[in-house]
Amino acid sequence: MALPKAKEDALSARLAGLPALSGKGWISAARAEALARLQAMGLPAKRDEYWRYTDPASLNAVDPAAAKSFNPGDEAPPFDGLDRLKVVFVDGVFDPQASDDLGAEGIRIERLADAAAADIHWAQGLYGVLEAAGQSPVQRPLAALNTAFATDGLLIHVTGNATKPVALIYVHNSDNSDAILHHCVKLDPGASLTLLENGPAAARFSKVLEVDVADGASFHHIRLQGRDHERRAVTHLFARLGARSELRSFTLTANGRLTRNEAVVDLTGPDARAHLAGAAVGDGDFHHDDTVFITHGAEACESRQVFKKVLMNGATGVFQGKILVKSGAQKTDGYQISQSLLLDEDSQFLAKPELEIYADDVKCSHGSTSGAIDETALFYLQSRGVPRRTAQALLVLAFLAEAIQEIADEDIAEDIRERLERWLARHGSKAGA
Amino acid sequence: MTMLETVDGTEVREGVDRETIETVQAMAGKYKYGWETEIEMDYAPKGLSEDIVRLISKKNNEPEWLLDWRLAAYQRWVKLEEPRWAMLNYPEIDYQDQFYYATPKSMAKKPKSLDEVDPKLLATYAKLGIPLKEQMLLAGVEGDAEPRKVAVDAVFDSVSVGTTFKAELAKAGVIFCSISEAVREHPDLVKQYLGSVVPPSDNFFATLNSAVFSDGSFVYIPKGTRCPMELSTYFRINAENTGQFERTLIVCDEGAYVSYLEGCTAPKRDTNQLHAAVVEIVILKDAEVKYSTVQNWYPGDENGVGGIYNFVTKRADCRGDRAKVMWTQVETGSAITWKYPSCILRGDDSQGEFYSIAIANNAQQADTGTKMVHLGKRTKSRIVSKGISAGRAQNTYRGLVSMHPKAKDSRNYTQCDSLLIGDKCGAHTVPYIEVRNNSSRVEHEATTSKVDDDQLFYCRSRGMDEEEAVALVVNGFCKEVLQALPMEFAMEAQSLVAISLEGSVG
């Protein structure tokens, strides 16, 4: 079907600003197919059902809007004290000097830019494959654009239990950087890996992470999206889960002009488990969007979505979460909660929590709430001598706790709690406190 | 053994209550209202065009402004595309393959009173159990100390057959008549309010309705008046290949109150029939309207052949402070249901409530819910929706709760629960929640589950058969909504729940 004229024009403009696809190696076919997908869909528009609450204009624009990198002062970077395998990208380009040696027990890591030239590669079965599968029933054109035009990223093959986490650090240097990264992670049966990500990456950042979690494997993912005020980011996590496998993903977002985090999770084997959680804190010109789609395609799988947002001084939070239970996926246990705490009258929360269920022996529920901080609780704490600002921070942390609890590693969870505390000490609603 | 009497061919034994037999028969019979009245009809030519719009307007002796209004809607409709966002799957509707106006021949000369109405028509309503005589009693409430009266406007295909208790209502200043009569008798009121809640441009089906609406009811409750009895409209589609496009307008002036009931049925046919209605409710300061619907259009057979396509736009506008509206709906019929009774909470402290039971069995598809648009300060809304799917049916709750920046200190509570009976059906929830200020609280909860095995087992162990047990458990699941219905509707709704689920077990 031909695209409407407006979509056609927007797409041609965008494509004109991107380099022509290179025609070498196994990846060229994957890129060409992704480009064809993108051309069939066009770029997202405000009128599209899943973009009604987030304006994609700045993500579609030919050039990114300038963004300054944030100086965290004397605050230590996240995950600093951990024994980890460090991989650094600066403005979306791999930095070998700053990175550790890309080899460790139980893992094989290659740079996408290097591996792409080979004629055959294991990543052929994954790169763009989960993304393509994730285009239905909801289209995700920006993910297809990423698959077609990403030039860097990592291909990680986990064959056993990775002894230490892989930590991806995204450094933002140039004010006008426009980074496109695409990672693939393949976990063999029974293998396990913890992937850490942090940093703003660029003025505009597009990232796709495709994860194939084989039977009995386990993938933990913790990400801190960086505190640049002006940055814009669109990220996609596509995960396919085999029998008895596990996915746990947690994201902390503080600041950022625009963040759209999509997660598309396919539970394809029985007894698989997917836990997705997010905590977002935004002050002022902050727009944060979590769009999640979980498909239960096998029996006795469990999924959990816990998303919490704290919004102040005109910040906007969006949550679009869907649980799809296919016919035959009996004994499904699906849970979803999305909540927002609005610290002043200017902030807003827009949510669309969806259930689509075709099996009868299921337990699915979702809840969504939005409201101000509990004045009674605030009053109680103040009457005990806690200053209003501190009391507010305490209640905010208590509100976010359910999401942070989804992090399996207690030390990381504690570190994140402390970071949030410091953030809350620096930011306050102009109306409150 | 002595045979006492026969009820529809079944012998009734001594000691067995006649009512029990009838109830059982009602539950066993699939669609109770599937028969057809053989009556001579006048049709407008098939299809839709400007000429048909003019013809409908002429048949109703409408003034020029209304014809222009219809024509403008028609011109707009031609350019519109049918919405496809609902989770409904049905073949393309051929809008030219329908009759847009059908009326019993005997209605050509308007009967002056119910006594002059064709007895066949009256018999139709009698058979449906709708009291067109100004009788005091309603079925099921016999023996009440003070019997309740219900005024009825009976709409048969495209025309209103008659309205009861008009004189008594007039004494209280209440206007209750068909909308075509209101256009003639109370043009100023109609002109002031028609299309002010659901404008002709609202959506595809509302625009279609604005162009071709035939009959429906008009209600005006004057200032400070508590309507002395419940008002009700009963819609019957009888003619084949004919769409029904009724339009109802209710205006409840300051401090007034009315409870309004709506019921509908249609004959069993193997072709689909279109029903696209618009209901507008205007509620001024301190007024309150209760609107209850039992929607029991023919749902099609167990293979999904036939049934009504029901595309309805219903909206209440709480214009004044402290205005209140309550929608209660039991949706058991129709092959396709597309319906979102909404509340615009414009006045400060106004309130909207929505209670819904939607049952989809066999091949039925329902996409229904509500919109609560909070504009005024301290406005409150409550949504309780119970969706039940059985057979191969698809049932979707779709709703919007919107808190505007100025709707300070407002409150919404939403609960939507779905129940699945069998592994071939689907239950879906699509809520939109838009909160644009922080002093308002919005809470949304939804669950999906299957009929509880323990509860079923308990009922079975007490000697109920499986179908009865399911009906009982489902009635329990719907309790909150059933309680919100006026009493005689609640009785009907309870047995409807059982009938609609018939054949869903085993």
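This is a predicted model: local features need pLDDT of at least 70, side-chain atom pairs count only at pLDDT 80 or more; totals for chains, interfaces and linings use all residues.
**Entry: one pair of partners**
I started with Ile180(A) and looked up who sits across from it. The bridge partner of Ile180(A) in S9(A) turned out to be Ser206(A).

Next I asked myself which strand S5 of chain A is joined to. S5 (residues 154–158) is joined to S7(A) by 4 bridges, and this pairing is parallel too. I picked out Val158(A) here, and its bridge partner in S7(A) is Leu187(A).

**Entry: is S7 buried or exposed?**
I went through S7, residues 178–187 of chain A, and found it mostly covered, with 9 of its 10 residues buried. For chain A as a whole, I noted that buried residues make up 55% of the 433.

**Entry: zooming out**
I counted up the elements of chain A and got 9 helices and 20 strands. Chain A has a radius of gyration of 21 Å, close to the 22 Å from the globule rule for 433 residues, so I can call it as compact as a globular protein of that length. I also looked up the span of its C-alpha trace along the principal axes, which is about 70 × 50 × 50 Å.

Last, I checked the contacts in chain A with a separation of 6 or more: 85% of them are between residues 24 or more positions apart.

Definitions and conventions: Residues are numbered from 1 along each chain as its sequence is written. Chains are lettered from A and ligands numbered from 1 in the order in which they are written. Helices (H or I, at least four residues) and strands (E, at least two) are DSSP runs, numbered from the N terminus. The radius of gyration is taken over C-alpha atoms; the globule rule is 2.2 Å times the number of residues to the power 0.38. A residue is buried if 20 or more other C-beta atoms lie within 10 Å of its own, exposed if 12 or fewer, and partly exposed in between; C-beta atoms are placed from the backbone. Two residues are in contact if their C-beta atoms, placed from the backbone, lie within 7 Å. Two strands pair if DSSP finds at least two bridges between them.
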